[in-house]
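Thank you all for coming.

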Amino acid sequence: MTITVSSFDAALKQLYSDKNVASTTLKNRPLLGTIGKSEGFGGRNQPIINAFGDGQGRSASFAKAQANISSAQISDFLLTRVSNYSIARVTGEAAEASKGDKVAFLSGMKTAIDGAMNVLANNLETQLFRSGTGTMAVVGTIATGAPFSSLTLSEQEDIVNFEVNQKLVFSDLDPGVTRSATALVVKAVNRSTGFIEFVETASGTIAANNCALNTAAVANGDFIYTEGDTTSTTSVASTSSTCISGLAAWVPAAAPSSGESFFGVDRSVDSRMYGQTLNGSSLALEDSLITGASMSARIGGAPDICFINHVQMRALISALGAKKEYGSVNATTHKGQVADIGYRSVAVQGDNGVVHIVAANKCQPEIGWMLEKSSWTLHTLGPATKFLMLDGQRILRTSSDDSYEVRLGFRGNCAVTKPMHNVHIQLPAV
């Protein structure tokens, strides 16, 4: 039996049905799983309408009421798309070796595609929590002895964003100019300590296609990015977002500056356009969550889900003791709720109903996101994770290499219609 590219296309179509892709990408990724989804993000941009103020024209005096009429306050965020890619490849030798054995080749291809899909989905989950600049973590301390090839993260829990062979760049600003145009390649990761080691030669120097942390002038406090997720080395820092504008972009820790444009809108005129913040670092963990829910409720919000890191969830469960109540939240696709994919939660009573506290490993370790789930949508051009195949071919022959390639991608962005109903909570250190 001769194996052809076309013979695998039909098999891959069955293997990666909408249901199977949802199971692969949404499981264990609660923010990506629960956020609302719309797959019709075509055109140049997507207007996101936010009515943040009622028109004025009220007074005990009829004449003053009439004289003081003003229009309703409406902002029009012009949401633009960002792209994200993940590529799977199977060598030509593997294809030839399995000639006559369709199952063997298909198994190899599926393993490669599943890996690429996991990498893409993991990164989408990370981006949804962050501001759009591409930063994944911050350098804590750098090894002081030569060859300066290792570092420890400032937040140990951020280690979930790193993998062996990942290429990283660094900047002292976020967003900012990268320290070096040459990326460092991850050699080893210790997930218990937040330790990352980079590739080096047997002589103790960094390999020719890498650069030592000291040579690259990497410093404590630097921001870390995957190569390609931020600007290259230039003389001027870029303020544009290359990644998804997630929770930290729409509900920032500090009020936006006057004149600062966010999808074409100056949000500084009214906090209803950038949400609420709570410094709960001096409060008990449960109190900070209850206070955050109450802050949303006082201006008409009905928060129903809150994301915290696993390290905070451990502390919450321990603090609640026998008082804790468990619940669950289901994932959703653009078609609606997914019955067989859910996320365990701890239920906390808020002013306007129960809030499901959900642990997410990509959530910032000391931030809680108190959200009104119905106000958030992930707008995409087609499925969030999809095969890039305008020519109808899922499998491509690589022009510059003896291999077969499958390209996966994301095109879209995240938006919220009622920022003020959502609260950015600084949690107590654990």
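Predicted model: local features only at pLDDT ≥ 70, side-chain atom pairs only at ≥ 80, totals over all residues.

Let me begin with helix α8, residues 285-297, whose 13 residues should span 18 Å at 1.5 Å a residue, and since its end C-alpha atoms are 19 Å apart, the two values agree. The expected span here is 1.5 Å times one less than the number of residues, and helices (H or I, at least four residues) and strands (E, at least two) are DSSP runs numbered from the N terminus.

Residues are numbered from 1 along each chain as its sequence is written, and side-chain values use heavy atoms, with hydrogens and water left out.

Staying with α8, the buried residues are Leu285, Ser288, Leu289, Gly292, Ala293, Met295, Ser296 and Ala297, where buried means under 20% relative accessible area, with a 1.4 Å probe and protein chains only. In helix α2, residues 18-26, the buried ones are Val21, Ala22, Thr25 and Leu26. Seen down the axis of α2, these buried residues fall within an arc of 100°, so they line one face of the helix; the arc is that of the directions from the helix axis to the C-beta atoms. After α2 comes Asn28, with a positive phi near 70°.

Now to the cores. A nonpolar core is a set of buried Ala, Val, Leu, Ile, Met, Phe, Trp, Tyr and Cys residues joined through side-chain atoms within 4.5 Å. The largest one has 59 residues, and Ile113, Trp250, Trp369 and Trp376 have the most contacts inside it. Helix α6 supplies the largest share of this core, 9 residues. Another core, of 19 residues, lies apart from it and includes Leu278, Val346, Ile357 and Ile425.

Which residues lie closest to the centre of the largest pocket? The space in this pocket is about 1000 Å³, and of its 38 lining residues, Ser131, Thr133, Asp174, Ala248 and Ala249 are the closest to the centre. On a 1 Å grid over the protein atoms alone, a pocket is an open set of points with protein on both sides within 12 Å along at least five of seven lines, a cavity is a set where a 1.4 Å probe fits but cannot get out, and lining residues have an atom within 4 Å of a point. Grid points are joined across faces, edges and corners, and a volume is the space filled by probe spheres set on the points. Strand β5 gives the most to the lining of the largest pocket, with 4 residues.

The second largest pocket holds about 740 Å³ of space, and among its 31 lining residues Tyr85, Val119, Asn123, Gln166 and Thr226 lie nearest its centre. Here α6 provides the largest share of the lining, 8 residues.

Finally, the structure holds 3 cavities of 30 Å³ or more. The largest cavity has a volume of about 80 Å³, and its lining includes Asn123, Arg130, Ser131 and Asp229. Once again α6 gives the most to this lining, with 3 residues. The second largest cavity, of about 50 Å³, has Leu31, Phe307 and Trp376 among its lining residues.

Conventions. Buried < 20%, exposed > 50% of the residue type's maximum accessible area, 1.4 Å probe, protein only.
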